[in-house]
Amino acid sequence: MGVMAKSTTISDADMIVEAEAALADLALVREGVGKVIFGQEAVVERTMVAILAGGHALLVGVPGLAKTKLVETLGTVLGLDARRVQFTPDLMPSDILGSEVMEQDEAGKRFFRFLPGPIFAQLLMADEINRASPRTQSALLQAMQEYHVTVAGARHDLPAPFHVLATQNPLEQEGTYPLPEAQLDRFLMQVDILYPELEAERRILLETTGMADSRAENVLSAERLRAIQTLVRRMPVPESVVEAILTLVRSARPGNGNADTDKHVAWGPGPRASQALTLCARARALYDGRLAPSVDDIHALAEPVLQHRMALTFAARAEGMNVRDVVARLVKAAT
C-alpha cells in the first residue's frame, strides 16, 4: 500500500515538472504568435486550445480578418508540416486526398502508384472550406475522425499530429455551401473572428504597411507538441467540472426538462460535445498556467464548443434568435 502511494506521489511530482516545462514552451508560443497576430487574443487562445486538445477548429469570419495568417503563423511557430488547400466550387476529393497513377517499369510491367494529396500534412489549412461542394467537404470527414484516408480500397495513415484548421465565410455571403452536420461535429470548436479593436487595428496599419514585415519564428517541434497534448489528457478533472459539463450539455438538448431549450432548439449536442468540453477545459487550464480545469473554463468554452452542434427551430429563427443567444442563456442559468 505504501509503495503504491509513493508511486502516485512521484507521478504527481513528475506531472508538475512536465507542466512547468510545458508552460514555459507555451509562453514562447504566445510570444511568437503575438509578433505577427495583433489583438484577437481570444481567437488565438481558442485556436491554441483546440490544437493542444488534439482536435480541429473551424474559424468563421468575413474575409480580411487574418484567419489565413493565423493558421500560417501557428504552423511555423509550432514546427508543423503545414499545407494549404484553397477550396473552390470545382475542387474534387482527389485534389485533397491524392490519387493513383499508372506507371511502367523498365521491364514494361504496369502498376499503380499512390500520389498523396495535401491532406498528408500535420496542419492542414482548409481555406474557405464552405466554397466547395458538399462532396468535396465530406472528403475530409474520414480523415478528421479516423486519421487515415482510403483511396482505391487501400488505407493510408496520416502523419501525427494531424490537425485541420478550416476557415469559413459567413453563410450569408454569396457562393457558400453549409457544412454537413456530421462534419461540423468533428470540429472541436467553432471560433468566431470579429473585427479588431481600434488599437489593434491601428497597430496593424503601422506595422504591416512599411518596409519591414514581422515574420513568425519556430519555437516548438511536432514531437514536443505531441508530448504536451499527452500531458493535457493526463490532467485530472474535478468532479464538479464533470457535473458542470454534463448539466450544461444535457440542458442544451430538447426533452431534458429545460423549457427554454424545448421551445427554441430543434436538436442539441451529442456526447461528442461533452468529450470536447472535457478536453478543451484541460487545455485551456494549461494554457492559462493551471494544472486542473475549473467550472469557469466550461462556461468560457460553452459557446465555441456547442454553437455548431445545435440547431434552432424555425420559430426561433423567425424571432431573430441565434444559437449563441441560447448558449448564453444556458450558461447564465448554470451560474
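Reply: Let's start with Asp25, which counts as buried at 17% relative accessibility. Buried means under 20% relative accessible area, exposed means over 50%, and partly exposed is in between (1.4 Å probe, protein chains only). Keep in mind that this is a predicted model: local features need pLDDT of at least 70, side-chain atom pairs count only at pLDDT 80 or more, and totals for chains, interfaces and linings use all residues. Residues are numbered from 1 along each chain as its sequence is written, and side-chain values use heavy atoms, with hydrogens and water left out.

So what does Asp25 pair up with? Asp25 makes a salt bridge with Arg224, and their closest N and O atoms are 2.5 Å apart. The two partners come from distant parts of the chain, 199 residues apart: Asp25 sits in helix α1 (residues 2-34) and Arg224 in helix α9. Helices (H or I, at least four residues) and strands (E, at least two) are DSSP runs, numbered from the N terminus. Arg224 counts as partly exposed, because its relative accessibility is 24%.

A salt bridge here is a side-chain nitrogen of Lys or Arg within 4 Å of a carboxyl oxygen of Asp or Glu. Side chains of opposite charge can pair when their charged atoms come close. By this rule the model has 18 salt bridges.

One of the others joins Asp157 to Arg155, with the closest N and O atoms 2.8 Å apart. Arg155 is exposed, since its relative accessible area is 56%.

Next comes Arg290, whose salt bridge with Asp297 has its closest N and O atoms 2.8 Å apart. Arg290 is partly exposed at 27% relative accessibility, while Asp297 is buried, with a relative accessible area of 0%. Through salt bridges with shared partners, Arg30, Glu45, Arg284, Asp288, Arg290 and Asp297 form one network.

Back to helix α9 (residues 222-234), where you'll also find Gln229. Gln229 is buried, because its relative accessible area is 12%. Its side chain makes a polar contact with the side chain of His163 (3.0 Å). A polar contact is a pair of N or O atoms within 3.5 Å; within protein, one must be able to donate a hydrogen and the other to accept it, and residues adjacent in sequence count only if both atoms are side-chain atoms. Leaving out residues up to four places away in sequence, Gln229 touches Ile51, Leu52, Gly54, Pro161 and His163, where contact means heavy atoms within 4.5 Å.
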